[in-house]
Amino acid sequence: MGELKSPGKPFVISKRLVWEAYLRVKANQGAPGVDGCSIEEFEADLENNLYRIWNRMSSGSYFPPPVKAVEMPKSHGGVRILGVPTVADRIAQTVVAIELEKRVEPMFHRDSFGYRPRRSALDAVGTCRKRCWEYDWVVDLDIQKFFDSVDHSLMVKAVEANTDQPWVVLYVKRWLVAPIQHPDGSLHERDRGTPQGSAVSPVLANLFLHYGFDLWMARTFPAVRFERYVDDAVVHCATRQQAEMLRAAIDQRMVEIGLRLHPDKTRIVYCKDSNRRDEHDAVSFTFLGYTFQPRRARNTRRQVRFTSFQPAMSREKLTEKGREVRRWRLHRRPNDTLDDLAEAINPIVRGWMTYWGRFYRTEMDPLLKRINTYLMRWARKKYRRLRGFKRLKAWWKAVTQRDPVLFAHWEWTHRFHPAGW
């Protein structure tokens, strides 16, 4: 991969760019696509495989294979269809994504947070929390089936306006119409949408909504603040009347660009707290796995309790992660040691704590206590002498005192659910 240019090819694509794309795909891992080829199998003939991608993209002869459809259950019911490209196709998509990002990233709106460097979902949640303290009302936006509904002609128009590389436009067009292959082998042709889960979709989605929403908001309602994470957005308003007007205006704007707000999930919410006296049916909304609602808080300087409008881990996510803890079946691993269990679950739990522990972390207590309860059940299975609760409790106290941070979540709590013994 030493040669940087593509002499004699219609398109000038750097081999170094293909290598950078491969490194990104390798870091993200991911499942095999329709060809069944894993990253490890792709790497068995890495040089030739990367050369083949570069050669075909440079010559204009690269055509994407079908995208593998994978059903992912939603926490509130139903399924979301994710599109899983092959490893080679993910690398090719990442080549285009890198090229596009160089052009579009500097122009994106400051309140667009999704899949952007040096910005995160937690940044969006933190900004939203601050603005909920400043503004009384929000419009919680839900774009219905965004990734299934994107207008291809408008998407291509946005790409053409932001690149002088014809190969970027060519391959975006081909990916937009690449069929989806279902588990039974049937192919679904597409004339709208972009597969959720593909490597190029995030930058395409941000580009589409940059023109479709961000710039339109900045031009039409320059004083209104919002946070957008790809197709998930919250708009802040000073009054209920302004919120109702904005909801209607945004609804019309979505229709203009071929999209639609979900009629039930798009709601006007009142940010109720101790200082706000209005009444409204909806006083909570969920954004990026955090539920914003009135919560008890304490002013440590004045030693006064009050109600604050705060985000915390959503009930849906607590339920989802609780089910995941149950699927670990820790009590069915009596041959493991505590160190083995800690090595297995700590990376997962630490990730939960890093994300949902940022704001109002006490909402996570039931989940962390549930993990401890399963650890105690594991101990009862492993040691017959701990069948009695008093001995089990004494053992638990000794273990947590001897190594208080063996498990990541022990940094926050050693407590457990006492019921069910």
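Predicted model: local features only at pLDDT ≥ 70, side-chain atom pairs only at ≥ 80, totals over all residues.
Biologist: Let's step back to the whole chain. How many helices and strands does the protein chain have?
Modeller: The C-alpha trace of the protein chain spans about 80 × 60 × 40 Å along its principal axes. Of its 421 residues, 48% are buried. Its secondary structure comes to 14 helices and 11 strands.

Biologist: Is asparagine 28 buried or exposed?
Modeller: Asparagine 28 has its place in helix α1 (residues 15–28). A residue over 50% relative accessible area counts as exposed. Asparagine 28 has 63%, so the residue is exposed.

Biologist: How far apart in space are asparagine 28 and proline 117?
Modeller: In sequence, asparagine 28 and proline 117 are 89 residues apart. In space, C-alpha to C-alpha, the distance between asparagine 28 and proline 117 is 15 Å.

Biologist: Now to the aromatic rings. Why do phenylalanine 285 and phenylalanine 292 count as a stacked pair?
Modeller: The count of aromatic pairs in this model comes to 24. In the pair of phenylalanine 285 and phenylalanine 292, the ring centres are 4.8 Å apart and the planes are at 5°. Centres within 6.5 Å make a pair, and planes under 30 degrees apart count as stacked. The two rings meet both conditions, so the pair is stacked.

Biologist: What is the angle between the planes of tryptophan 328 and tryptophan 352?
Modeller: Tryptophan 328 and tryptophan 352 form an aromatic pair, 5.7 Å centre to centre. The pair is stacked, and the angle between the planes is 10°.

Biologist: Which helices hold tryptophan 328 and tryptophan 352?
Modeller: The pair ties together parts that are 24 residues apart in sequence, because tryptophan 328 and tryptophan 352 lie in two helices. Tryptophan 328 is buried at 16% relative accessible area, and tryptophan 352 is buried at 6%. Tryptophan 328 belongs to helix α11 (residues 315–328) and tryptophan 352 to helix α12 (residues 338–356).

Biologist: Which arginine lies over the face of tyrosine 383?
Modeller: Tyrosine 383 is part of a cluster linked by ring pairs, together with Trp378, Phe389, Trp395, Trp396, Phe407, Trp410 and Phe416. At 5.5 Å from the ring centre of tyrosine 383 lies arginine 385.

Biologist: Over the ring of which residue does the charged end of arginine 377 sit?
Modeller: A charge sits over a ring if CZ of Arg is within 6 Å of the ring centre and within 35 degrees of the ring normal. The charged end of arginine 377 is 5.2 Å from the centre of the ring it sits over, that of tyrosine 374.

Biologist: Which helix gives the largest share of the lining of the second largest pocket?
Modeller: The second largest pocket has a volume of about 270 Å³. Of its 15 lining residues, Arg52, Ile53, Arg56, Tyr62 and Ala88 are the closest to its centre. By class, the lining divides into 8 nonpolar, 3 polar and 4 charged residues. At least two lining residues come from each of α3 (46–59) and α4 (87–104), and the largest share, 4 residues, comes from α3.

Biologist: How many charged residues are in the lining of the largest cavity?
Modeller: The largest cavity has a volume of about 50 Å³. Leu141, Ile143, Phe213, Arg228, Val230, Asp231, Ala233, Ile250 and Met254 line this cavity. The lining has 7 nonpolar residues and no polar ones, and the number of charged residues is 2.

Key
Residues numbered from 1 in each chain as written. Heavy atoms only, no water. Phe/Tyr/Trp six-rings, centres within 6.5 Å; stacked < 30°, edge-to-face > 60°. Buried < 20%, exposed > 50% of the residue type's maximum accessible area, 1.4 Å probe, protein only. 1 Å grid on protein atoms, 1.4 Å probe; cavity = no way out; pocket = protein on both sides within 12 Å on 5 of 7 lines; lining within 4 Å. Points joined across faces, edges and corners; volume = space filled by probe spheres on them. Nonpolar A, V, L, I, M, F, W, Y, C, P; charged D, E, K, R; others polar.
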